[in-house]
Amino acid sequence: MLVKKPPMGWNTWNTFGHDINEELIRSSADVFVEAGLRDAGYEYVVIDDCWSKKVRDPQTDRLVPEPEKFPSGMKALSDYIHAKGLKFGMYSCAGQRTCADYPGSFDHEFLDAKTFAEWGVDFLKYDFCYKPTSVDGPTLYRRMGMALRASGRDILFSACNWGSDNVWQWIRSTGAHMYRSTGDINDNPESYRSIARSQLDKLGASAPECFNDVDMLTVGMYGKGLVANGGCSDADYRSQFALWCMFSAPLMLGCDIRKMNEETLKLVTNRELIAIDQDEEARPPMWGHHPWSDKLLVLVKHLANGKYALGFFNMDEKDAEIPAILADYGLPASAGYDVRLHDVFGKEEDKTWREYVRVNVPAHDCRVYTMELVQR
Ligand code: GAL
């Protein structure tokens, strides 16, 4: 088994877009180690679109790194990343061209997979632009799924068709290890909220070896970078990160990790939240709404250690009191148990509740607890 837990790492796209080079990748890999990201579980350093020359090598037909951006070549970069105990990710596309108009892997799948393997690549994000209309989406992901397996190297296959063709129904069968289920995230509250809401009823298909990828995080971008369309507050970033963790989604950072402030670093290395994300059973959460507002969301997730994770999310513009009736999630009053809550953000004292839990959650913010049953 290659991918038992949701992959964790960093990807260049959200902040840097086409503005990438080997110095950025090296210095970001350094930060994984220096800032404690590696110790918290972050592993994959991923170069997204815009890394190659605009045309393939005329003699070999292979993809070639753009020498101005990557003068030392991809093997040297991958060696640098591996020497830090990290893994190296790259990007290609199932169509003729990538989304930013560089050569795609269509009809070159096996050659490209071999090239990536020779460069020491451990992770391939595989996009969906410029797809020939004569071939359907599932066929294209099947091809790269087989090509990666034939490449002679263990390479995590990260599919990115934005949820099209009901991807959750067939993607696992192609050998993919994670799959983008939505369009691109933007760094604003509406974007992460609508992404999260759209997947609540589809998380049952997300499981070890093939996880629902709700896109790279915008946590810590604060409105700066390529997908920064408005920016978010710290409360929003807490909510976004906690939602991704309750979903057992891949945690791919998208901010400039070299410039993270203390609040961002504390959030993305929160051990208790990460443990919820990385829980070995990767169960989807049960979910419910406040009785009269679908903007007030409750999530309850079974954990492998016999406890639960309990999340309250206020996706409204005003502060709110959010109740969770425990009977809705499997614990009726007749069961004879109370619940003991522990705040994963470390702000509140542990507290015991009977039949229901009710918490005040400021607008845009969340409250997340681990929950244990205690016999009355
Ligand atoms: C999009 C993809 C983004 C990014 C971009 C690169 O299709 O969803 O995450 O990879 O292409 O051009």
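This is a predicted model: local features need pLDDT of at least 70, side-chain atom pairs count only at pLDDT 80 or more; totals for chains, interfaces and linings use all residues.
Which of the 13 residues around the ligand come nearest? They are D48, D49, K125, D127 and D184.

Residues are numbered from 1 along each chain as its sequence is written, and side-chain values use heavy atoms, with hydrogens and water left out.

**Ligand contacts**

| Residue | Distance from side-chain polar atom to ligand oxygen |
|---|---|
| D48 | 2.6 Å |
| D127 | 2.7 Å |

**Domains and their interface**

The domain assignment gives domain 1 (8-277) and domain 2 (286-375). Such bounds come from an automatic or database domain assignment. The C-alpha centres of the two domains lie 32 Å apart. Domain 1 puts 21 residues into the contact and domain 2 puts in 24, where contact means heavy atoms within 4.5 Å.

Together the domains bury about 1900 Å², with 63% of it on carbon and sulfur atoms. Buried area is the accessible area (1.4 Å probe) that two parts lose on being put together, summed over both. On the domain 1 side, R193, L200 and M246 lose the most area to domain 2, together 33% of what that side buries.

R193 also forms a salt bridge with E317, with the closest N and O atoms 3.1 Å apart. A salt bridge is a side-chain nitrogen of Lys or Arg within 4 Å of a carboxyl oxygen of Asp or Glu. Two salt bridges are counted between the domains. Polar contact links 14 residue pairs across the interface, both residues at pLDDT 80 or more.

Which elements give two or more residues to the side of domain 1 that touches domain 2? They are α7 (189-199), α8 (234-246) and α10 (271-277). The largest share, eight residues, comes from α8. Helices (H or I, at least four residues) and strands (E, at least two) are DSSP runs, numbered from the N terminus.

**Salt bridges overall**

The count comes to 28 salt bridges. In one of them, R153 pairs with D122, the closest N and O atoms being 2.5 Å apart. R153 sits in the loop between α6 (137-149) and β5 (156-159) and D122 in the loop between α5 (109-118) and β4 (123-127), so the pair ties together parts 31 residues apart in sequence.

Key: A polar contact is a pair of N or O atoms within 3.5 Å; within protein, one must be able to donate a hydrogen and the other to accept it, and residues adjacent in sequence count only if both atoms are side-chain atoms. A residue is near a molecule or strand if one of its heavy atoms lies within 4 Å of it.
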